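Have the sequence and the 3D view open as you read.

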Amino acid sequence: MNTRPLNTASVDAPGLPEPLDWSPESWQAHEALQQPQYNDATELAEASAHLSRLPPLVTSWEVLALKQALAEAQDGHRFVLQGGDCAESFNDCTSPIISNRLKVLLQMSLVLVHGLKKPVLRVGRFAGQYAKPRSTDNETRDGVTLPSFRGDLINGQAFTPEARRADPQRLIQAHAHSALTMNFVRALIDGGFADLHHPEYWDLAWVESSPLAAEYREMVTNIGDSLRFMETLAGPIAGFSRVDFFTSHEALLLHYEQALTRQVPRHRGWFNLSTHFPWIGMRTAALDGAHVEYFRGISNPIAVKIGPTVTPEKLLPLIEALNPHDEPGRLTLIHRMGNAQIAEALPPLLQAVKREGRRVLWVADPMHGNTESTSNGHKTRRFNNIAGELDQAFDIHAAAGTRLGGVHLELTGEDVTECMGGARDLSETDLDRAYKSMVDPRLNYEQSLELAMLIVRKSVGSTSA
Ligand code: PEP
Ligand code: CO
């Protein structure tokens, strides 16, 4: 499916050294937001030491191949599809949940490749998305106050003192669950699961009745016909039998990230080998904070989430700190403004970055600026707001002369009812039926596919594609 081969030639290039005044633990001298309180420093030190001896989850040459591919996306030669759960959980580390999520991402990327006529760079929000920023440190129920749930990497969701204690053993468990997830994804892909000759492998049981099924099937038939035609003329085309998949997560818990930050032979600098593509969340992107300090020293491609309170005066120093050499593929900015705010908040940022000639990849996250609560207490998002923000994002980039190079979505392959609207027009009462998210509401399979179709319709008609 990926007709533009990924380049691993840079693997033996020496690369940039880490900054002189940086080390994997130098973040500890800065203010680290959104970290739990561990009540036993020895236990944390022992778990970190154990983790730092375990094998990494990814390799430096994969990380460098992704950086190269992101550089190509910056130049308009690829489109990035980044998606997965808001929060992974250890319980959901199961065969059906992992393979269904992969199926949705593969189907969406098929729609995008077919419609955009360019390779799609697939990045999962998985194999490490186990830590969540929270709006408050504590939660109170019926007069009892306990630490907030911060994701399975840190503590448990049950409202008991034992579950909510920040437990260092979870660092090891998160690494193990990430490794299990990676192993299964790699095996599926290497075993032909992603073979374009067999898109029927990606069908989900409840797709048959989808209002979008006919449009999707027609596309699959068209692609199959073209493939057979080309292979009749040219013989089997190897590139169509497998795809590349990369992993990403919010690198929030810095003790975990530090323990998986490693040096490798034949390349200068340090790599975060817990994931290919870590990002800094909106709440932890302060210029003088611990997360920016940690990220500035690693050699991975990195992303930063930016919300409506970010001004050009804040953004430009952040770009300078994180990508001082203007390295291609190094820095992605994921804007998550909200449907109501994007028209005002985004243009000044695009203009400032363009004026300064900084090299970034712009990606839209139309999820996190559109979260609301219903009267019966569900956190939800309206499909129309998600689609609306994305629609505006394409137009705003086109007007600014910049390029929207990808999307960042929270989605699942399960038949959940967490976001309202979409082809089946899910309503507030539908949310009670299958609301399973631990944190933020996700697009279900149909809503995800519908969004992919909207992206194609939009960008085919727009100069920014
Ligand atoms: C997230 O991606 O789940 C998240 C918390 O995003 P943001 O940092 O943009 O709020
Ligand atoms: Co989220």
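C86 and E410 are both buried, where buried means under 20% relative accessible area, exposed means over 50% and partly exposed is in between (1.4 Å probe, protein chains only). A word on the model: it is predicted, so local features need pLDDT of at least 70 and side-chain atom pairs count only at pLDDT 80 or more, while totals for chains, interfaces and linings use all residues. Residues are numbered from 1 along each chain as its sequence is written, chains are lettered from A and ligands numbered from 1 in the order in which they are written, and side-chain values use heavy atoms, with hydrogens and water left out.

Helices (H or I, at least four residues) and strands (E, at least two) are DSSP runs, numbered from the N terminus.

## Two helix pairs

Axes are lines fitted to C-alpha atoms, for helices over the stretch in contact, and angles run from 0 to 180 degrees between N-to-C directions. A crossing is left-handed if the near helix is turned anticlockwise from the far one by less than a right angle, and right-handed if clockwise.

| Helix pair | Angle | Axis distance |
|---|---|---|
| helix 9 (residues 312-322) and helix 10 | about 45° | 10 Å |
| helix 3 and helix 6 | about 65° | 11 Å |

The crossing of helix 9 and helix 10 is right-handed, while that of helix 3 and helix 6 is left-handed. On the helix 9 side, P312, L315, L316 and I319 meet P348, L349, A352, V353 and R355 of helix 10; contact means heavy atoms within 4.5 Å. In the other pair, Q107, L110, V111 and H114 of helix 3 meet Y216, M219, V220, N222 and I223 of helix 6.

## Some single residues

R358 is in the loop between helix 10 (342-355) and strand 11 (361-364). Its side chain makes a polar contact with the side chain of E320 (2.7 Å). Such a contact is a pair of N or O atoms within 3.5 Å; within protein, one must be able to donate a hydrogen and the other to accept it, and residues adjacent in sequence count only if both atoms are side-chain atoms.

K67, in helix 2 (residues 60-74), is buried, with a relative accessible area of 8%. A polar atom of the K67 side chain lies 2.7 Å from the backbone oxygen of S299.

Is L431 buried or exposed? L431 is buried, at a relative accessible area of 0%. The C-alpha atoms of L431 and E418 are separated by 5.6 Å, though the two are 13 residues apart along the chain.
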